[in-house]
Amino acid sequence: MSNYHIKHLEEYFKVYRKSVREPEVFWEEIAEEHFTWYKRWDTILSWDFSKPEVKWYEGAQLNITENCIDRHLLTKGNKTAILFEPNNPKEEAQHITYNQLHEQVNKFANVLKSQGIKKGDRVCIYLPMIPELAVSVLACARIGAIHSVVFAGFSATALSTRINDSDCKMVITSDGSYRGNKTIDLKGIVDEGLKDCPSVNTVLVAKRIHSEINMKEGRDLWLQPLLDEASSECTPEIMDAEDPLFILYTSGSTGKPKGMVHTTAGYMVYTAYTFKNVFNYREDDIYWCTADIGWITGHSYIVYGPLANGATTVMFEGVPSYPDFGRFWEIVEKHKINQFYTAPTAIRALAKEKLEFVDRYDLSSLKVLGSVGEPINEEAWHWYNDNVGKRKSPIVDTWWQTETGGVMITPLPYVTPTIPTYASLPFPGIQPTLMDENGEEIKENQIDGRLCIKFPWPSMARTIWGNHQRYKETYFSAYPNKYFTGDGALRNTVGYYRITGRVDDVIIVSGHNLGTAPIEDAINEHPAVAESAIVGFPHDIKGNALYGYVILKEVGETRKHESLRKEINQIITEHIGPIAKLDKIQFTNGLPKTRSGKIMRRILRKISCKDISNLGDTSTLLNPEVVQEIIDNSI
Ligand code: WTA
């Protein structure tokens, strides 16, 4: 018998030991007992990190929507699968039962088919947090189309880059979206983005804000009339274990975003098993993750993980500050939320407001609090623990990545004793290790190292869409035979891990990964800009904010710097989205460079953090004199 639900610490250690000693037996038992397969696997695992190639449950056949929907119908048909809470609290919440979800997904799947979408085709989904988003994701999975959800805060350029990278045939969007007291013209962004996307034949448009929009003849179709016509029967496509399920883009330290490819069986098994244990989910619980489905957290822990467990999962359309800063807690009271999962940046923003916004509501239903996306600082942890959890709901500080598909290092609630700022212990099946600068494994404790994973786990991304070489270089080349996470970490004397942050050129702003290179590329397109460098600096709410050092082409540029700053942020908004705007922009005559011409970001980082006491050795720089100039003019 597998220990699907781990209930105490001793059991965790026992399960963990088994997962390391006999990984194949371990993952076989879990797969066998908790999922529906059309055909059993021939091999549990085959792997070679030097290629890299990883295969789980090879030979097996399944459909993930059968597991997330159909198999619950007999016993839970009338249970709420998705609880939709609209942006406006005056609009009624929608309870979509498993029966209804089944019907909606089937209809949507038939619409996709009628528009010529087949197994293996890529479909881009650019929708706000409305039920159609979850339904379209599942509809793709039902027919074996590969979904590529693009967060609806990304700009037209970012959208078209992602569509073209994976040659999507279709885009699913809406006439617009609500965000607090604003509306956003999503369809307008799609129209702009599609100017240069030859692979897209069809755009399906859901109605949300009922605005007047342009519908392009022969390309754009309203979704609802097609759904009305569609049959509610759609036999799930039979998928192989390693067939791609979705592509999700994440920023890298260089150039283009990376289309991480997740496959079917391993992803399903791992997200389901982690969901059950990380949130201690019990049959009648109401679970709410505040992320957007446009990020991996939403894929794994709003859609697939919860539904594979027959859970009730909340989808919230709005923002934490509308109509006021009590909105999250109002929703917790209203729907009697049991598990609440959010990001440290949201906690910090809410902690700045009056406590009254929290105290006004009855939060006694809460049993587990989660945190994800960036390190949670001690102050935020205590605020969350004291005021939201009332010191009775354990906080699970879950460390993971788009690439890992599911939670990797985390406490288990009511099982693992928590220490603020420590993500604590590896989930069963996960074998973390820390590497030193010489590429050796760090055996001692309390030493900073680079976090790697030594053994495959079922939900790891298998490749980067269209660029396996980049996948290998980014994740499997720094340390032979290990997956390198890009994060730094520390292990304490009892073996708990504390994630210290990125060690590459990715900066996490408000929980969003931003690569410095794409932002610099955008800025450099400004006609007045010669060169730029972006670094992160600590920010009270965002965790990190962006600091840009910009060299102008003409020294003594006549235009006012203030208007240039605006234009630079405008260019970033157009190329990436408002999330990547710079908080500070310093114009400079030079950037500190090594003799090989590499920008020494370490120095810029220190200056932007106002930590200039120890800049290290600057004598090896090509142009040491610029350092003082940059310090003198820093903002
Ligand atoms: C960071 C989000 C500290 C980390 C699921 C990682 C964290 C990156 C934590 C992945 C945490 C995520 N503590 N840092 N609990 N969770 N991170 O791909 O740097 O959006 O590499 O996936 O976020 O971000 P991504």
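So, a polar contact here is a pair of N or O atoms within 3.5 Å; within protein, one must be able to donate a hydrogen and the other to accept it, and residues adjacent in sequence count only if both atoms are side-chain atoms. Now, this is a predicted model: local features need pLDDT of at least 70, side-chain atom pairs count only at pLDDT 80 or more, and totals for chains, interfaces and linings use all residues. Residues are numbered from 1 along each chain as its sequence is written, and side-chain values use heavy atoms, with hydrogens and water left out.

Okay, the ligand. A backbone N or O atom of threonine 398 sits 2.8 Å from a ligand nitrogen. For aspartate 487, a polar side-chain atom is 2.6 Å from an oxygen of the ligand, and for asparagine 513 a polar side-chain atom is 3.2 Å from a ligand oxygen.

Next, two helices; helices are DSSP runs of H or I, at least four residues, numbered from the N terminus. Helix α2 (residues 23–34) packs on helix α10 (residues 265–278) at about 85°, axes 10 Å apart; axes are lines fitted to C-alpha atoms over the stretch in contact, and angles run from 0 to 180 degrees between N-to-C directions. So α2 and α10 are roughly perpendicular, the word for 65 to 115 degrees. Contact, meaning heavy atoms within 4.5 Å, comes from Phe26, Trp27, Ile30 and Ala31 of α2 and Val269, Tyr270 and Tyr273 of α10.

Last one: helix α13 (residues 344–351) has six of its eight residues buried, that is, under 20% relative accessible area with a 1.4 Å probe, protein chains only. Among them are Ile347 and Arg348.

Notes: Buried means under 20% relative accessible area, exposed over 50%, partly exposed in between (1.4 Å probe, protein chains only). Angles under 35 degrees count as roughly parallel, over 145 as roughly antiparallel, 65 to 115 as roughly perpendicular and the rest as oblique.
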